[in-house]
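Subject: Structure for you to look at

Hello,

Here is the structure I said I would pass on. Please open it and keep it in view while you read the notes below.

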Amino acid sequence: MTDASVPDQVSPFPEWETLRQEIVPYVGERALSLLAFAVFDEADGFEGAAYFRESLRASGTDVDSPEVTESEELLIRWGRLFARDAEGIPADVQAGFERVFNPQLREKLVQFAALTVATAATQQQ
């Protein structure tokens, strides 16, 4: 994906875009878009999920059966679990998350996922 930023309407929280910009250099635009799609999709944030589905599709990624790296797969799985129950992520997934991502990046990813869940909630109203 070449888009440097996402439209303001994706999230009403300005911190969401700031976090996105801080995380992209470490995981890549595609990986973060896959995470955002997974969280929006799992949290029933239809507008956000539709935006990222289309954006990923336009860049050649089929979100229904994407060819992903191990890190991307971990982000997708972790993101869906986080959206369901942030405190109930299975130990093996959490251990993988902690092994792959350094503490500072993990903190940003948690914040990003939490704001994405909050955004999804606003889209349901």
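Please keep in mind that the model is predicted.

Helix α2 covers residues 29-42, 14 residues in total. From its first C-alpha to its last it reaches 20 Å, close to the 20 Å expected at 1.5 Å a residue. The helix is mostly covered, with eleven of its 14 residues buried. Among them are L32, L34, L35, F37, V39 and F40. The buried residues of α2 pack against α1, α3, α4 and α6. Just after the helix, D44 has a positive phi of about 60°.

Now the charged side chains. Side chains of opposite charge can pair when their charged atoms come close.

- R20 and E29 pair at 2.9 Å, N to O. Both residues are buried.
- E72 and R30 pair at 2.5 Å, N to O. This pair links helix α4 to helix α2, with the two residues 42 apart in the chain. E72 is buried, at 9% relative accessible area, whereas R30 is partly exposed, at 24%.
- E42 and R84 pair with their closest N and O atoms 2.8 Å apart. E42 lies in α2 and R84 in α4, so this bridge also ties together parts 42 residues apart in sequence. E42 is partly exposed, at 26% relative accessibility, and R84 is exposed, at 55%. Salt bridges with shared partners join D41, E42, R80 and R84 into one network.

Regards

Methods:
Residues are numbered from 1 along each chain as its sequence is written. This is a predicted model: local features need pLDDT of at least 70, side-chain atom pairs count only at pLDDT 80 or more; totals for chains, interfaces and linings use all residues. Side-chain values use heavy atoms; hydrogens and water are left out. Helices (H or I, at least four residues) and strands (E, at least two) are DSSP runs, numbered from the N terminus. The expected span of a helix is 1.5 Å times one less than its number of residues. Buried means under 20% relative accessible area, exposed over 50%, partly exposed in between (1.4 Å probe, protein chains only). Contact means heavy atoms within 4.5 Å. A salt bridge is a side-chain nitrogen of Lys or Arg within 4 Å of a carboxyl oxygen of Asp or Glu.
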